[in-house]
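Here are my notes on the model you sent over. Have it open while you read, and go through the points in order.

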Amino acid sequence: MHALVHKFLRGVAAIGVGGMLLAAHPAHAEFVNGGFEGGTFGSEWIKTTLQNNGVPTVSTHTINPKSIKDLNLRANAGDAGYDPNLYTTTGTAPDATDLSVVLDAGGAGARSQQDHLLTGAIPAASLRWPFAGNNSALVNLNPLGSTQATRHIARSGSPTLGNPPVQYTSHASRASSIRQRAQVTAADVDADGKVHVRFAMTPVLDNPGLIKVLGGTVSAASGSPIVTGTGTNFTATVSPGNYVRLGTNNTDRQVLSVDSDTQITLTSNAINVTNGAVYVSSVSGGHFSEEQPYFAVEVRKITSAVDSTPVPVPGAPASSPGQLFFTFNFSNQPGTVWHDTTNNTRNYAYSEFITFDIAPGNAKLQVGDWIELELVAAGCSPGGHEGHVHVDSFSFRLPDVLWVSVSGPVSVSSANGTQITYTYTYTNKTSDPVSNATVTPVMPQDNSAVPQNVTYVSSSGGNCTPASGGATATPPTPGGSLSCNVGTLAPGQSGSFTVTVVVPDGAIGPINNGNYTIAGDAVDPLPGPMWKTDLVSPSTLSDMDVDAVTLNLPPTANVGTLYTGSYTCTNKGAAAADVATCDAANLPAGVGVSACTVSPANTPWTQPGTVPSGETVTCQVSGTPTTTGSVTVHVTTGADNDPNTLNNERTAIIAIAGVLPTPDMAIDLAGIPPSGTVGVPYSGSFTCQNIGAATALTGTTCAVGGLPAGVNQGTCSISTGGAWIAGNAVPAGAFVTCTVSGTPTSSGGLTVNGSTGATGDINVGNNTASKPVSMTTAPDVLVDVSGLPATARVGVSYTGSYTCTNAGSADAVAGTSCSVAGLPPGLSTSSCTVSPGASAWVAGNAIPQGQTVTCQVSGTPTTLGTATANGTTGAAGDGDTSNNTQSRVIAVEAANAPASIPTLSEWGLVMLSSLMVMMGLIRRKRVLVP
């Protein structure tokens with residue numbers, strides 16, 4: 001299994017098929033037909049026929065694929081499932097025959113049917129399908145054809161296999177893929193706060209025998225069966241009966257005896273070899289690693305339902321940048337759970353269903369993400385051995401069975417004496433208690449020519465006792481197995497325990513831990529997926545630690561009350577932590593991780609990221625809990641190069657009680673208009689509400705700042721009745737409304753800031769609010785018809801005027817008007833002028849800011865009665881249209897109607913008074929003259 005997988009599992013998908021295929025995949029929160037209960041693959045699954053042209057090597061007969069792309073699988077470019085991000089068009093092309101099929105158990109139910117090729121084989125009876133329900137998919141084998149030509153097995157020749165015998169036709173070097181997309185929803189999040197991808201599969205791989213490279217070099221003379229070596233260590237790695245290939249010669253020769261660490265004797269004469277390599281196999285005609293049958297699984301994250309571009313995932317290989325998970329296992333791989341069986345002289349490696357539980361963690365997989373899962377099964381690349389896989393139960397949830405998985409470090413030191421601590425996790429998802437639930441770990445193996453077993457050191461929890469082999473010795477010797485009885489598991493119950501082992505001196509990585517199962521009374525054994533640990537230089541390792549001392553997560557909280565805390569993750573190793581995580585899962589609803597920084601500079605840090613040696617990540621936790629209860633928070637850390645998993649997790653229990661009777665003032669600026677006009681009256685309001693459970697008694701405030709110049713906060717009132725001022729009480733549920741009003745005097749953008757609060761306010765997060773407000777300039781044209789006399793006479797000349805004034809903050813330059821309608825018959829507007837200057841003006845001409853248009857009305861009324869003169873004005877962008885109209889009633893009287901007595905104006909009265917004084921003086925003078 002790829003090293004990236006290990007980190008993802010410890011914490012606990014895609015690349016394109018083209019628009020035509022994607023249109024057939026609707027958005028869903030689960031793998032559609034994930035249990036194949038529809039009876040066929042249907043439109044949900046994309047099937048692709050492939051050709052195994054051999055896995056590319058990274059050195060002589062050494063393979064290390066990191067993705068589906070690295071497998072060098074050939075697809076036909078015209079195939080609807082072809083994708084250049086996954087496959088190649090070089091090498092031998094596959095034929096078009098579909099080798100995958102959905103099998104029906106005929107109503108017999110789960111684990112009732114045997115594999116078609118291994119029927120009757122011992123002990124192959126333990127391989128039973130389907131895993132759940134009544135159907136299961138079979139990838140890269142179709143045993144259901146009605147004729148020989150439609151029954152397919154990826155093998156050269158046409159062997160007769162099975163009981164009763166079945167004839168299969170040949171499709172040499174064939175491989176097959178199935179894949180599907182799914183979108184993650186909130187319902188897919190587990191109780192641990194993470195999203196899991198789960199499925200079950202069992203491989204059946206033809207076993208051609210594995211050829212491995214032996215360390216050192218050999219020399220042999222023609223005609224002699226004696227082979228001598230340098231650095232070969234024959235005694236430890238070769239047994240009589242093994243087959244060897246010398247140098248570049250592909251002829252297998254059997255070992256007769258192992259004479260010493262540096263000499264072996266063959267059953268037939270050797271060829272002339274000088275300083276050549278030696279390749280060891282237990283059978284004649286074996287295959288190298290790159291030629292073996294295999295299966296592979298990859299989960300990838302993509303951008304959307306219709307975009308095949310992968311989302312880059314930190315730590316993912318360049319060949320699959322969106323990769324969340326990858327595993328690759330070939331026939332004869334050391335450290336696996338597979339059993340060996342022989343049927344009709346053919347050797348097979350197989351297993352019971354292996355349960356996969358993939359949880360990349362919140363840093364890489366979240367609600368809303370689209371993922372794609374792909375499974376590939378392949379026969380050997382030379383073409384003589386087939387490989388197929390039964391697969392079932394693709395889901396985000398655990399099926400109702402016992403599950404087990406193992407996790408550990410991705411890499412450890414290659415120094416002698418290095419220990420590895422594995423964590424085995426188990427879950428009872430059945431609806432009944434399972435008694436005598438037992439996990440059986442077999443000691444892992446390294447990847448050397450003759451696999452070396454690790455040595456058991458100790459265990460913690462799990463009630464583990466040595467069951468067989470080296471683990472029973474005192475002191476323990478390499479190999480053997482443990483029996484870890486975890487007792488009776490109630491439905492839904494989970495648990496874990498650890499096992500520590502020591503790596504053998506001179507081990508060749510990776511260390512493969514894939515041979516372990518879980519079983520119980522009346523429950524057959526089920527294995528979990530393999531875990532691989534690389535052996536690297538000690539100077540390249542980190543050590544991420546969740547510090548219990550600084551795990552500052554308060555144990556109590558209240559619904560509706562702000563909760564704050566923090567946690568830290570420190571790199572105590574010698575090297576920088578690569579692709580490091582520092583995460584908190586299963587926080588109370590409403591609470592989340594707000595921000596993380598890395599010391600000593602306290603710079604922002606986002607997981608996954610790099611943590612230099614000796615530095616600490618500190619993450620703040622905050623939020624308002626929304627539900628009561630108790631949660632167990634899991635704070636986890638780790639890195640790709642962190643070998644010490646014992647300090648990678650801490651837990652904290654938080655009890656959430658009901659709402660405390662406390663006030664909670666919240667401000668709302670929705671009533672503040674977002675825009676206004678200079679010179680035009682502006683008004684609005686804002687509110688401050690107590691959404692808490694208790695009265696805000698003291699220290700209450702409700703105010704805004706940053707209002708436009710000329711606009712001020714007015715009075716406030718409370719919803720319970722009456723005026724309100726700062727400091728007055730605000731009962732629970734009540735709200736205060738404050739007005740703002742005035743005439744803006746300047747233009748531009750500004751931000752109005754509101755604030756509220758009270759003594760004992762439980763949530764200061766809603767005590768402030770801001771709102772952008774923009775003030776603009778605009779004309780404001782208003783009409784005045786008071787210059788039209790209110791009375792007129794039939795046949796008597798009438799004169800008057802009306803005005804339109806621009807009282808705004810900008811010139812009226814377009815769309816201007818100034819008119820009156822409804823004048824008495826005989827009257828009309830004669831002309832208009834604009835002041836100052838009294839120049840002629842017509843509709844559409846500009847009215848500069850502060851200037852007035854005056855229009856003259858004249859004529860001779862012809863009809864008795866009253867008329868309503870309606871004045872109107874306007875302009876483009878007029879800031880206030882409320883003053884664009886005005887009316888005046890004009891009464892038209894008869895020509896001989898009694899004239900009204902005219903009155904003098906103020907100046908007329910002054911003049912009259914002066915004349916009367918003068919006449920009085922004259923009269924007095926006359927009287928005084930004799």
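**Notes on disulfides, rings and a pocket**

1. Let's start with Cys596 and Cys619, which are joined by a disulfide with an S to S distance of 2.1 Å. Keep in mind that this is a predicted model. The link is right-handed, with 110° about the S-S bond. Cys596 sits in strand β42 (residues 591-598) and Cys619 in strand β45 (residues 616-623), so distant parts of the chain, 23 residues apart, get linked. Both cysteines, Cys596 and Cys619, are buried.

2. That bond is one of seven disulfides in the structure. Another pairs Cys569 with Cys582, the sulfur atoms being 2.1 Å apart. Here there are 80° about the S-S bond, and the link is right-handed. Cys569 belongs to strand β40 (residues 563-571) and Cys582 to strand β41 (residues 577-585), so the bond ties together parts that are 13 residues apart in sequence. Cys569 and Cys582 are both buried.

3. Next, have a look at Cys832 and Cys855, joined at S to S 2.0 Å. The torsion about their S-S bond is about 110°, so this disulfide is right-handed. Since Cys832 is in strand β61 (residues 827-834) and Cys855 in strand β63 (residues 852-859), the pair ties together parts 23 residues apart in sequence. Cys832 has 13% relative accessibility, so it counts as buried; Cys855, at 0%, counts as buried too.

4. On to the rings: the whole structure has 16 aromatic pairs. In one of them, Trp45 and Phe394 have ring centres 4.9 Å apart and planes at 55°, so the pair is tilted. Trp45 is in the loop between α2 (19-22) and β1 (46-52), while Phe394 is in strand β25 (residues 387-395), so this contact ties together parts that are 349 residues apart in sequence. Trp45 and Phe394 are both buried, and they belong to one aromatic cluster that also includes Phe31, Phe199 and Phe356.

5. A charge over a ring also turns up: Arg111 lies over the face of Phe131, at 5.1 Å from the ring centre.

6. Last, the second largest pocket, with about 790 Å³ of space. Of its 42 lining residues, the closest to the centre are Thr62, Asn447, Ile508, Gly509 and Pro510. Which element gives the most to this lining? That would be β13, with four residues. By class, the lining has 22 nonpolar, 16 polar and four charged residues.

How values were computed:
Residues are numbered from 1 along each chain as its sequence is written. This is a predicted model: local features need pLDDT of at least 70, side-chain atom pairs count only at pLDDT 80 or more; totals for chains, interfaces and linings use all residues. Side-chain values use heavy atoms; hydrogens and water are left out. On a 1 Å grid over the protein atoms alone, a cavity is a set of points where a 1.4 Å probe fits but cannot get out, and a pocket is an open set with protein on both sides within 12 Å along at least five of seven lines; lining residues have an atom within 4 Å of a point. Grid points are joined across faces, edges and corners, and a volume is the space filled by probe spheres set on the points. Helices (H or I, at least four residues) and strands (E, at least two) are DSSP runs, numbered from the N terminus. Ala, Val, Leu, Ile, Met, Phe, Trp, Tyr, Cys and Pro count as nonpolar, Asp, Glu, Lys and Arg as charged, and the others, Gly among them, as polar. Rings of Phe, Tyr and Trp (its six-membered ring) pair if their centres lie within 6.5 Å; planes under 30 degrees apart count as stacked, over 60 as edge-to-face and the rest as tilted. Buried means under 20% relative accessible area, exposed over 50%, partly exposed in between (1.4 Å probe, protein chains only). A charge sits over a ring if NZ of Lys or CZ of Arg is within 6 Å of the ring centre and within 35 degrees of the ring normal. A disulfide is a pair of cysteine sulfur atoms within 2.5 Å.
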